[in-house]
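Here is a short briefing on one protein model.

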Amino acid sequence: MMKKTAPKSKAEWWTAHYTAYGLIYQILFSLGALALVLFGIVWYLADRQASKRPEVAAVVIDYSEDPSAQLEPWRDRQALNYILRAALQAQGGQVFLERLNTLKKIGTLEQTDSDDVLEMHFSFRRPNLLRYRLTSEHGGGIRIGFNGRTAWIQEERSGFFAEPRVLSGADEATLALTSEIALPVDVFFGQPQHMDYMGEEEVEGIPCYVLRFRGPLRPEQLFYVDKENYLVRKRVRSGRFRGDSPTVVSVIFSDFREIENIFHPHLEEVYFDGELRSRAQIEQFIFNPGIIESYFEIPVH
């Protein structure tokens with residue numbers, strides 16, 4: 001016959017209960033704590049992942065547009081870095097751009113001060129060498145080049161080229177300015193320490209992030225990056241070649257078409273101080289055609 005014991009107080013009951021089942025409680029408590037830790041890790045990773053999405057760029061706008069908001073420079077820089085990485089990827093990626101040593105563009109060129117539609121062959125080689133061959137539909141044409149130091153021009157008439165001449169003054173400065181705008185974006189976006197976020201602006205009705213490059217080795221330049229697909233819609237550069245006042249040269253890119261999974265602009269419009277000067281319609285891109293450096297030197301007549 002089982003011996004009866006006096007009823008225990010509540011405190012004694014909890015002590016005995018915990019002694020018997022304490023190990024189980026410790027395991028459950030540990031599992032609960034582990035679940036909280038795992039939840040915290042998952043939440044943290046999800047938050048980090050969300051910060052990598054395009055929406056994180058809006059953080060820049062929030063802090064820039066609201067002067068009363070508490071500034072968080074690291075969030076500002078994080079958003080800018082994301083825009084730069086996404087823009088590089090949209091242009092083909094860092095590896096593609098770094099390997100893009102030479103480029104040819106073939107198409108037509110219209111100038112606002114002429115009714116001629118010129119056949120255009122444009123060649124570019126890093127770091128800043130360029131050459132045009134423009135042929136008129138009425139016959140004749142010109143070759144223009146910049147070897148990084150000197151700009152030159154050579155006229156063509158009846159199938160014969162005249163002696164080339166060195167350009168100076170405004171003509172030389174214009175070509176030097178053009179060479180800077182022709183540089184691939186990785187030259188600038190690959191140096192995020194020299195890039196700044198300047199706000200938002202529309203380019204032909206398309207909302208864009210405005211980014212500014214200010215580095216020690218290259219002149220200042222503005223880039224307008226499409227907020228939706230991170231394509232560069234516009235580039236702006238200014239320089240003095242018309243008297244004392246700087247001239248603002250803008251290039252607007254449009255008519256993007258896919259070539260080997262990368263979208264390239266097939267229409268380039270050049271503006272001087274907001275006035276349209278030329279329109280280039282690109283029909284063919286040739287990447288890394290292997291153009292030698294001497295091709296950009298002044299031709300030996």
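The protein has 6 helices and 14 strands. The model is predicted. Of its 301 residues, 39% count as buried.

**Overall figures**
- The accessible surface comes to about 18,200 Å². Carbon and sulfur atoms account for 55% of that surface.
- Take the contacts between residues at least 6 apart in sequence: 44% of them join residues at least 24 apart.

**Nonpolar cores**
- The largest nonpolar core holds 48 residues. Phe189, Met195 and Leu211 have the most contacts inside it.
- Helix 3 (residues 73–90) supplies the largest share of this core, with 8 residues.
- A second, separate core has 7 residues, including Val203, Val236, Ile252 and Tyr271.
- Beyond its neighbours within four places in sequence, Met195 is in contact with Arg77, Leu80, Leu84, Phe188, Phe189, Leu211, Arg212, Phe213 and Phe223.

**Cis peptide bond**
- The peptide bond from Arg126 to Pro127 is cis, with omega near 5°.
- Pro127 sits in the loop between strand 2 (117–125) and strand 3 (129–135).

- Tyr230 has a positive phi, near 65°, and is not a glycine. Its place is the loop between strand 10 (221–226) and strand 11 (232–242).
- Is Tyr230 buried or exposed? Tyr230 is buried, because its relative accessible area is 5%, under the 20% cut-off.
- Asp255 also is a residue other than glycine with a positive phi, near 50°. Asp255 belongs to strand 12 (residues 245–259).
- Asp255 has 31% relative accessibility, so it counts as partly exposed.

Conventions: Residues are numbered from 1 along each chain as its sequence is written. This is a predicted model: local features need pLDDT of at least 70, side-chain atom pairs count only at pLDDT 80 or more; totals for chains, interfaces and linings use all residues. Side-chain values use heavy atoms; hydrogens and water are left out. Helices (H or I, at least four residues) and strands (E, at least two) are DSSP runs, numbered from the N terminus. Buried means under 20% relative accessible area, exposed over 50%, partly exposed in between (1.4 Å probe, protein chains only). Contact means heavy atoms within 4.5 Å. Accessible areas come from the Shrake-Rupley method with a 1.4 Å probe; for residues, only the protein chains shown count as cover. A nonpolar core is a set of buried Ala, Val, Leu, Ile, Met, Phe, Trp, Tyr and Cys residues joined through side-chain atoms within 4.5 Å.
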